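Let's take a walk through this one together. Keep the viewer open and follow along as we go.

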Amino acid sequence: MYGNDVIDPNEPLNAAETGAYDAAAAHEDQREAIGSDFDALIAADQRIEPRDAMPDTYRETLIRQIAQHAHSEIIGMQPEGNWITRAPSLRRKAILIAKVQDEAGHGLYLYSAAETLGVDRQELLDRLHDGKQKYSSIFNYPTLTWADCGAIGWLVDGAAIMNQVPLCRCSYGPYARAMIRVCKEESFHQRQGFEILWTLMRGTEAQQAMAQDAADRWWWPALAMFGPPDTGEAAKGGHTEQSMAWGIKRFSNDDLRQKFVDMMVPQAEKLGIVLPDPHLRWNEERGHYDFGEIDWDEFWQVLRGDGPCNAERIEHRRRAHDEGAWVREAANAYAAKQTIRENEKESAA
Amino acid sequence: MTDAPEGATERSWPLWEVFVRGKRGLSHVHVGSLHAPDAEMALRNARDVYTRRQEGVSIWVVKADDVTASSPSEKDSFFDPAGDKIYRHPTFYDVPEDVEYL
Amino acid sequence: MSTMRNESLPGAAENTGAAPGDKPYAGYLLGLADDAMVYAQRLGEWMTNAPQIEEDMALGNIALDLLGQARGLYPYIGSIDGSGRGEDDYAMQRDERDWRNVHLVEQERGDFADEMARLLWFSAYQVELHTALTGSGDDVVAGVAGKALKEVRYHLDHASLWVVRLGDGTEESHRRMQAALDRVLPYVAELFDDDEASVLAVDRGAGVLPSSLHDRVEGRVAAVVAQATLTLPDGSRWRSRGGRSGIHSRPMGYLLAEMQHIARSHPGATW
Ligand SMILES: [Fe+2]
Ligand SMILES: [Fe+2]
C-alpha cells in the first residue's frame with residue numbers, strides 16, 4: 001500500500017483490471033468435440049461464428065444489442081468531445097483527445113462485429129439517426145463543468161466496463177473479440193477520470209466543489225446504466241432470461257449494479273467524495289453495500305427521449321453525417337474513376 | 001475533370017477486412033473491418049483505428065467482397081480428411097529417449 | 001540534403017545552444033510551438049464532426065501529434081527566455097498579443113475541403129521546416145524536429161490523399177476543393193516571411209529562414225493540386241501578416257477565450 005494520498009498503480013480500479021477480465025478473455029475451444037449444432041455449442045459455452053447456422057431471433061437480438069452498443073460509443077464521444085477545446089491543461093487536452101478517439105474506435109470495432117451478421121453500418125447509422133435504434137441514455141445528460149469529464153471517466157466508463165467485461169465471453173465470437181479489445185482500452189478511461197477527480201479533490205475549494213457536484217449529478221444515472229431491475233418479481237417478461245440462455249448476457253442487471261456499487265464506494269471514500277445516497281451503507285450480513293432506490297420514472301423519461309440532451313445528441317450526429325455526404329460521395333467517385341483508369345491501362349497494355 | 005462514373009454515388013464505402021502483424025516473427029492476424037473508399041485510404045484508416053497503441057508493425061487490408069470463405073457446412077469435407085494424417089505431426093514418431101535436439 | 005542544410009543553417013557548426021534570457025531566440029521557437037498548438041486546437045474541433053468516423057480518428061491523431069510538438073518546445077522555451085515557465089503557462093496564461101502563430105492556423109474551422117487545403121499547406125511547410133531543423137545546431141530543436149518529421153510526413157500524405165479525392169471526385173467536391181484552395185491562399189505567404197527572430201535564429205545556426213522553404217513547399221503543394229485536377233490560384237490579393245509579432249485576426253481572441261477560460265478562472269489551480 002502506498003498510504004492515502006497517492007493512487008496505487010497496482011490496485012485494480014475497475015472490472016477490466018480484475019481477474020474477471022482475464023477469465024472472460026480466456027476461452028477454450030471444444031468445437032472439435034461438439035460439432036456445429038447451435039444449441040449444442042451454446043450449451044457447451046462455445047463461440048458461435050459468423051457463418052454458423054443460428055436462429056433468426058438470436059441474430060436479430062445480437063444485431064440490436066451490438067448496434068445499440070456501437071451507437072452508444074459514437075454518441076458517447078460528444079459529452080466529452082465538447083470539452084476538448086476547453087481542457088484546462090495541455091496534458092488533459094491530450095488525454096481527452098485520445099479518449100474520445102478511443103470511443104470512436106470502440107464504435108468502429110462494434111459496427112464491424114455487427115456487420116458480420118449481415119447488416120451494413122450505413123443501415124445501422126440510419127436507424128440511429130431516425131431514432132429507430134437507441135443508445136445508452138447516460139449520454140443524454142449534459143456535461144456542465146470540467147469535473148464532469150472526471151465523473152464520466154470514473155463512473156460512466158467504470159459502469160460500462162462492469163457491463164462489458166462479462167461480454168468478453170459472449171457466445172457470439174466477433175462481439176466477444178471486440179469486447180476484449182474495448183475492455184483493454186477502457187481501463188485507461190476510468191483511470192484518467194479517477195485522476196481528474198483526485199486532482200480536483202486535492203485542489204482549491206472551488207475545484208473540490210466542482211468535483212462533488214459532478215459526482216452528485218452522475219452517480220444515479222451511472223447506476224441506471226445497468227438497466228431496470230431484472231431479478232425476482234421484476235424478471236418476469238424481460239429479455240434477461242433469453243439473453244442469459246443464449247450466452248449474450250452473463251449476469252443480471254441487478255448483480256452487475258451491486259458489484260459496481262461495491263467497487264465504487266471505497267473509491268469515493270478515497271477521493272473524499274460523498275456519494276449522494278443517504279441509504280448507502282455496508283450490510284455485514286449480505287457482504288454488500290445497501291443503496292437507495294433509483295428513480296425509474298426519470299430513467300424511462302430520458303429513455304423515451306425526454307432527457308436534457310436527446311435531441312441535441314442526435315442532431316449533432318446527423319449534422320456531421322449530412323455535412324460529410326459530399327465528401328464520401330467524392331471518395332467513391334474517385335475510386336470508381338481509378339478503377340476505370342486501371343482497367344483501361346490494363347487493356348491497353 | 002470528368003463526370004463521375006455511374007455507381008459512384010452509392011451510399012456507403014465498401015467494407016475492408018484488416019489484418020495486423022503484431023510484431024516481427026508473427027503472422028498477420030485478422031483484427032476487424034472498416035469502411036474506406038479505396039485500398040489506400042483503407043490502409044490509412046486501419047492504422048488509425050487498429051494500431052493506436054503500437055499494436056502492429058505491418059497491416060494488410062482486403063476488400064471484404066474479395067474474401068472467399070469456406071462454409072461451416074463444408075467443414076467436414078474441408079478439414080476432417082486432415083484428421084487421420086497423423087504422420088504429419090512430429091508426435092507420430094517414436095524415437096529413442098536419449099536422442100537430443102529433436 | 002546536405003547542401004540544403006548548409007543553405008538554410010549557416011553557422012550550424014559553431015553553435016553552442018541557447019543562453020538563458022535570450023528573448024529573440026525564444027520568440028523564434030515560440031512561433032514554431034504556437035503554430036502547432038493553435039492548429040492542434042482547431043483540429044480538435046473536428047472530433048465528432050468529421051465526414052466519417054474513421055476521419056474523426058485520423059484528425060484526432062494529427063491534433064495529438066501537433067499538440068505533442070508544442071508540448072515538446074514550451075518548457076524548453078521557458079528555459080531560454082529565462083522565465084522558467086511550463087507548457088500550461090504558455091498555453092493557458094498568455095494574452096493574444098503574446099502569441100506568435102501565423103494567421104493560417106487560427107482561422108475558424110471551415111468545411112472539410114477548407115481543412116484539407118489548410119492541412120496540405122501547413123503540413124507541406126512543416127515537412128520542409130522540420131527536414132531543415134533536424135540539422136539545427138540546437139540539439140533540443142533538432143530532436144523535436146526529428147520526431148516531428150515522421151509525424152508531419154503522415155499529415156502531408158493524409159491531406160494529399162484527400163485533396164486528390166476531392167479535386168478529382170464529383171463536380172461538387174471539385175468546386176468546393178477549388179474554392180477552399182482559393183480561400184486559404186491569402187494566409188499562406190505569411191509562413192514564409194523572414195521576421196527578425198528567424199533571421200537571428202539563423203545567425204546562431206539554430207533556425208531556418210522561412211523564405212528559403214517557400215519554393216520546395218509550393219512545389220509539393222503544386223504537385224498535389226495538379227494531380228487533383230485543380231489549379232493553384234495566384235496570390236495577387238490581400239494577404240495576412242503580423243502573427244509572428246502578435247498581431248492576430250478576429251478568430252484568435254475567441255479561440256483563446258475558449259481554450260483558456262477554465263484555467264484562468266481558477267488562478268494557481270492544478271488540473
Ligand atoms: Fe468505449
Ligand atoms: Fe470509454
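**A walk through the model**

A:Arg92 is buried, with a relative accessible area of 3%; buried here means under 20% relative accessible area, exposed means over 50%, and partly exposed is what falls in between (1.4 Å probe, protein chains only). Before going on, some ground rules: this is a predicted model, where local features need pLDDT of at least 70 and side-chain atom pairs count only at pLDDT 80 or more, while totals for chains, interfaces and linings use all residues. Residues are numbered from 1 along each chain as its sequence is written, chains are lettered from A and ligands numbered from 1 in the order in which they are written, and side-chain values use heavy atoms, with hydrogens and water left out.

Back to A:Arg92. Its side chain meets that of A:Glu195 in a salt bridge, 2.9 Å from N to O. The term stands for a side-chain nitrogen of Lys or Arg within 4 Å of a carboxyl oxygen of Asp or Glu. A:Glu195 sits in helix α9 of chain A and A:Arg92 in helix α6 (residues 90-115) of chain A, so the pair ties together parts that are 103 residues apart in sequence. Helices (H or I, at least four residues) and strands (E, at least two) are DSSP runs, numbered from the N terminus. Over all chains, the structure holds 46 salt bridges.

A:Asp157 lies in helix α8 (residues 147-164) of chain A and A:His189 in helix α9 (residues 173-201) of chain A, so the pair ties together parts that are 32 residues apart in sequence. Both are buried: A:Asp157 has a relative accessible area of 4%, and A:His189 has 0%.

Stay in chain A and follow the chain to helix α12 (residues 253-271). At 1.5 Å a residue, its 19 residues should span 27 Å, and its end C-alpha atoms are 26 Å apart, which agrees; the expected span is 1.5 Å times one less than the number of residues. This helix is mostly covered, with 14 of its 19 residues buried. Just after α12(A), A:Gly272 takes a positive phi of about 85°.

Next, chain C. Chain C has 11 helices and 0 strands. How does its radius of gyration sit against a compact globule? With 271 residues, such a globule would come out near 18 Å, and chain C has 18 Å, which agrees; the radius is taken over C-alpha atoms, and the globule rule is 2.2 Å times the number of residues to the power 0.38. The C-alpha trace spans about 55 × 50 × 35 Å along its principal axes, and 63% of the 271 residues count as buried.

The side chains of C:Asp114 and C:Arg183 meet at 2.9 Å, N to O. C:Asp114 lies in helix α6 (residues 112-133) of chain C and C:Arg183 in helix α8 (residues 171-184) of chain C, so the pair ties together parts that are 69 residues apart in sequence. C:Asp114 is buried at 17%, while C:Arg183 is partly exposed at 45%. C:Glu128 forms a salt bridge with C:Arg216, the closest N and O atoms being 3.1 Å apart. Here C:Glu128 belongs to helix α6 of chain C and C:Arg216 to helix α10 (residues 210-227) of chain C, so parts that are 88 residues apart in sequence are tied together. C:Glu128 is buried, with a relative accessible area of 5%, and C:Arg216 counts as partly exposed at 27%.

Last stop, chain B. B:Phe92, found in the segment after α2 (75-79) of chain B, is partly exposed, with a relative accessible area of 40%.
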